[in-house]
Amino acid sequence: MNRVTRVMIISIVTNTFLSFIKIIVGYIGKSGALIADGIHSISDLTTDFFAIIGNLFSKKPADQNHPYGHGKLEYLTSIGIGAMILFVGFSIIYNAINGTIVVPTILVAVVSFVTIIAKWLLAEYILRKGRQYQNSILMASGHESKTDVISSIVVLISSIVSQFANYFPILKYSDLVASICVGIFIIKVGFEVLKENMSAILGEQETNEALLNHIRTLLLAHSEVLSVDNLVMLKYGSYHKLIAEIGMDGTHSLADTHRVADCLEKEIITSQYRVRHVTIHVNPIAINENI
C-alpha cells in the first residue's frame, strides 16, 4: 500500500462514520441542513474512492503510447471529483428549496460541534500530506473536506439560532438558509477544483521560482555549463517533465557535449525535485561572447 492510498483510507473510514452520524441525527433532529451536511460527507467518501483509483492508475509506468507516463490521470480524477462536488451542491440547494420548513432540535447543534472538530483535524491532515507528497488528488480531497468544516459551522449556527423561533418566527427558516449555504459552499469548491485541474491537464508549467532556481543551480554547478538560457517544467501529476536550454563552449566536441547533457539528465532525474523526464538542448557559445 503506497502512502497516498494510506491517507485516503484514513479519510474514507472517518467520512463513513461522520456521514452516518450526520444523516441519522439529521432525521432524528429534523434538520435538513444536517442531512445535507451528511450527504456532503458522503460525497467526500465517494471522491476518496475515486482518488484511490486515480492515484493507482497515475503510477503506471510509461509505455509506447504514453512515453511520459500516466501522471496526468491525477488531474482527470480530480476533475471527476470537482464534477461530483458540483452535482452534490446543486442537489442540496434544490432539495432545500422544495422541502418543508421545520425547526431542528438542540441535538443537531451538539452533533455539529463534534463533527466540526473531527472534520477539521481530518482536512488538515489530508492537506498536509498532499503538500508533503505534492499530490493534486490529496489536495483536492483536502480542500473538499475543509468545505465540510465550513458547512458544519453553518449548520451549528443555524441549529442554535432556530431554537429561538418561538420568539422570532422568521428564525424558523434558519435550517433552510443553512442548507442553501452548504450547497453554495460545495459548488464554490467544485468550480475551484475543476478550474485548477483543467488548467493543469492542458499543460500547465511549474511556477515555483524556488524550485526552478534549484534546478538552475544544479545545472550551473557543472563547469561546462556556461548559461541556462531557458527552463520549463511541465506538470505531470506528482512529477515533472523538464525542458532546458543550456549554453556550452562551442569548441567542445559532439561527444563531450553529449556526455555532459547525459550526465545532467541523470543527475536531475535522481534528484529530490520529482523530475521523471528530461530534455536538454545545448546552445553553442563562443568563448569571447562569454568574457
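Student: How do H1 and H4 run relative to each other, roughly parallel or roughly antiparallel?
Tutor: In this predicted model, helix H1 (residues 3-28) and helix H4 (residues 106-133) pack at an angle of about 165°, and H1 and H4 are therefore roughly antiparallel to each other (angles under 35 degrees count as roughly parallel, over 145 as roughly antiparallel, 65 to 115 as roughly perpendicular and the rest as oblique). Helices (H or I, at least four residues) and strands (E, at least two) are DSSP runs, numbered from the N terminus.

Student: And how far apart are their axes?
Tutor: The axes of H1 and H4 are 11 Å apart, an axis being a line fitted to C-alpha atoms over the stretch in contact, with angles running from 0 to 180 degrees between N-to-C directions.

Student: Which residues in H1 and H4 meet?
Tutor: On the H1 side they include Val-4, Val-7, Ile-10, Leu-18, Ile-21 and Val-25, and on the H4 side they include Val-111, Ala-118, Leu-122, Tyr-125 and Ile-126; contact here means heavy atoms within 4.5 Å.

Student: Before we go on, what are the ground rules for numbering and confidence?
Tutor: Residues are numbered from 1 along each chain as its sequence is written, and side-chain values use heavy atoms, with hydrogens and water left out. Local features need pLDDT of at least 70 and side-chain atom pairs count only at pLDDT 80 or more, whereas totals for chains, interfaces and linings use all residues.

Student: Zooming out, how many helices and strands are there?
Tutor: The chain has eight helices and three strands, and along the sequence they follow the pattern α-α-α-α-α-α-α-β-β-α-β. Of the 291 residues in the chain, 47% are buried (buried means under 20% relative accessible area, exposed over 50%, and partly exposed in between, with a 1.4 Å probe and protein chains only). Among contacts between residues at least 6 apart in sequence, 71% join residues at least 24 apart.

Student: Which residues have the most contacts inside the largest nonpolar core?
Tutor: They are Leu-219, Leu-231, Met-233, Leu-242, Ile-246, Leu-264 and Ile-268, in a core of 19 residues (a core is a set of buried Ala, Val, Leu, Ile, Met, Phe, Trp, Tyr and Cys residues joined through side-chain atoms within 4.5 Å).

Student: Which elements supply this core?
Tutor: H7, strand E1 (225-236), strand E2 (239-249), helix H8 (254-269) and strand E3 (275-285) each supply at least two of its residues, and the largest share, five residues, comes from H7. Apart from this core lies another, of 18 residues, among them Val-25, Ala-36, Val-88 and Ala-178.

Student: New topic, what about the phi of Lys-30?
Tutor: Lys-30 has a positive phi of about 60° although it is not a glycine. Most residues other than glycine have a negative phi. Lys-30 is placed in the loop between H1 and helix H2 (32-58) and, at 53% relative accessibility, counts as exposed.

Student: Last one: where is Asn-208 found?
Tutor: Asn-208 is in the loop between helix H6 (174-201) and helix H7 (209-220), and is partly exposed at a relative accessible area of 36%. The C-alpha atoms of Asn-208 and Met-233 are separated by 9.7 Å, with the two residues 25 apart along the chain.
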